Amino acid sequence: MNASPRTGAGDHLPRLVFWEVTKGCNLRCVHCRATATELASPKDLPTAQCLNIIDQIAALSNPILVLSGGEPLYRADIFQLARYATDKGLRVELATNGTLVTKEVAQKIAEAGIQRVSISLDGANADTHDSFRGIPGSFDAAIYGFRNLKAFGMPVQINMTIARHNADELPKMLELVRNLGADALHTFLLVPVGCGLDIAEAQMVAPEEYERILNWLHEKAAEVGIEVNATCTPQYFRVERQRLDANPAIGSTEMTKGCLAGTGVCFVSFEGEVFPCGHLPAIAGDLRKQPFYDIWNHAEVFADLRNPDKLEGKCGCREFHNFCMGCRAYAANGNYMAEGPFCVHEPKAMAHEE
């Protein structure tokens, strides 16, 4: 399919495209968005089709393109894809578990034009991380990969999925990230999708505890001297606004707003299906059958997500309407416009109605 001239749906253009370039992975993470992981991923799109998709994305806008998986380093052509996208003017980032990043691989990552790498650590020590990742030695291998990347001057951020098994390790994780010399710590709330559905009840952090964590992260973000983000956590921006309203002197770290799924962000699966985000299984289109610009501009699910008036429950109340919007991925009943169940905030308008 040919690329279309740069155009978007109203004011909406993709700012971040997360691309699951392969389902193949060498770890067995209990929270993986995939329902299973495997060493091979035979349904991965061929190189030529991937290059064409990059052409289409670059024709529509110049988003950050995050190459993820599975484990993206499982693709033999991953550096070819990264270089091609870089040469098209896209900012390319790589999301890896870090265990395959030898010195030689780190050099290839740098030479491919990749501008940032994220490595996932789901615990501040080997016992916690390895038990969640399913493979002994994965923590030490990830740290080794991190150091190889830094030796080539690569910016590296640490990603951490917060769940019951590691929530109390956040202070130690922040200390570890600073000691390693990482450029950022990005935290994610465990989302009940894929394998996460099987462990959601046992591993999900209680809403009250997560509220405390978000306030703690906001405090630390202003103190530690590195980038600290609560990613895919729209209620963080509501917390920030509440704290700013209470004490304007603390200043705002806001760089964006709440859920950007379908408005500035989308997710491409290893088979070429397009979704608003990797945790919202509401398909917008299929790149094997439709061009990217058509999916982005005309998919029904994207149109819904771009209309905040369709938000339901407390997410639809106007109090923090433009700062949060709630997480669309948490609609357990299949209604992606329903209110998120993992937020303790009760809007003033709703309290008044009651």
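Leu 170, Pro 171 and Leu 174 of helix H6 meet Ile 213, Trp 216 and Lys 220 of helix H8, and that meeting is a handy place to start looking around this predicted model. Helix H6 covers residues 170-180, and its axis comes within 12 Å of the axis of H8, with the two crossing at roughly 30°. Angles under 35 degrees count as roughly parallel, so H6 is described as roughly parallel to H8. As for the handedness, H6 passes H8 in a right-handed crossing. Sort the residues of this contact by class and you get 5 nonpolar, no polar and 1 charged.

Stay with H8 for a moment. This helix runs over residues 207-221, and Asn 215 lies in it. What does the side chain of Asn 215 reach? It goes to the backbone oxygen of Glu 211, at 2.9 Å. Take Arg 243, which sits 28 residues from Asn 215 along the chain; the C-alpha atoms of the two are separated by 8.6 Å.

H1 (residues 47-60) and H2 (residues 78-87) have axes that come within 10 Å and cross at roughly 25°. That angle makes H1 roughly parallel to H2. Here too the crossing is right-handed, as H1 passes H2. On the H1 side, the contact is made by Thr 47, Cys 50, Leu 51, Ile 54 and Asp 55, while H2 brings in Gln 80, Leu 81, Tyr 84 and Ala 85. By class, the residues of this contact divide into 6 nonpolar, 2 polar and 1 charged.

Before you leave H2, have a look at the loop between strand E2 (64-68) and this helix, which is where you'll find Gly 70. What is the peptide bond from Gly 69 to Gly 70 like, cis or trans? It is cis, with omega near 25°. That's worth a second glance, because most peptide bonds are trans.

Next up is the pair H3 and H5. Helix H3 spans residues 103-111 and helix H5 spans residues 138-151; they pack at an angle of about 50°, with their axes 9 Å apart. That angle makes H3 oblique to H5. The crossing of H3 and H5 is right-handed. Lys 103, Ala 106 and Ile 109 make the contact from H3, and Tyr 144, Asn 148 and Leu 149 make it from H5. The tally by class for this contact is 4 nonpolar, 1 polar and 1 charged residues.

Last stop: helix H4, residues 126-133. Which residues of H4 are buried? They are Thr 128, His 129, Asp 130, Phe 132 and Arg 133. Past the other end, H4 is followed by Gly 134, and the phi of Gly 134 is positive, near 85°. For comparison, most residues other than glycine have a negative phi.

Key: Residues numbered from 1 in each chain as written. Predicted model: local features only at pLDDT ≥ 70, side-chain atom pairs only at ≥ 80, totals over all residues. Heavy atoms only, no water. Helix = DSSP H or I, 4+ residues; strand = E, 2+ residues; numbered from the N terminus. Polar contact = N/O pair within 3.5 Å; in protein donor to acceptor, adjacent residues only side chain to side chain. Axes fitted to C-alpha atoms, helices over the stretch in contact; angles between N-to-C directions. Parallel < 35°, antiparallel > 145°, perpendicular 65-115°, else oblique. Left-handed = near helix turned anticlockwise from the far one by under 90°. Contact = heavy atoms within 4.5 Å. Nonpolar A, V, L, I, M, F, W, Y, C, P; charged D, E, K, R; others polar. Buried < 20%, exposed > 50% of the residue type's maximum accessible area, 1.4 Å probe, protein only.
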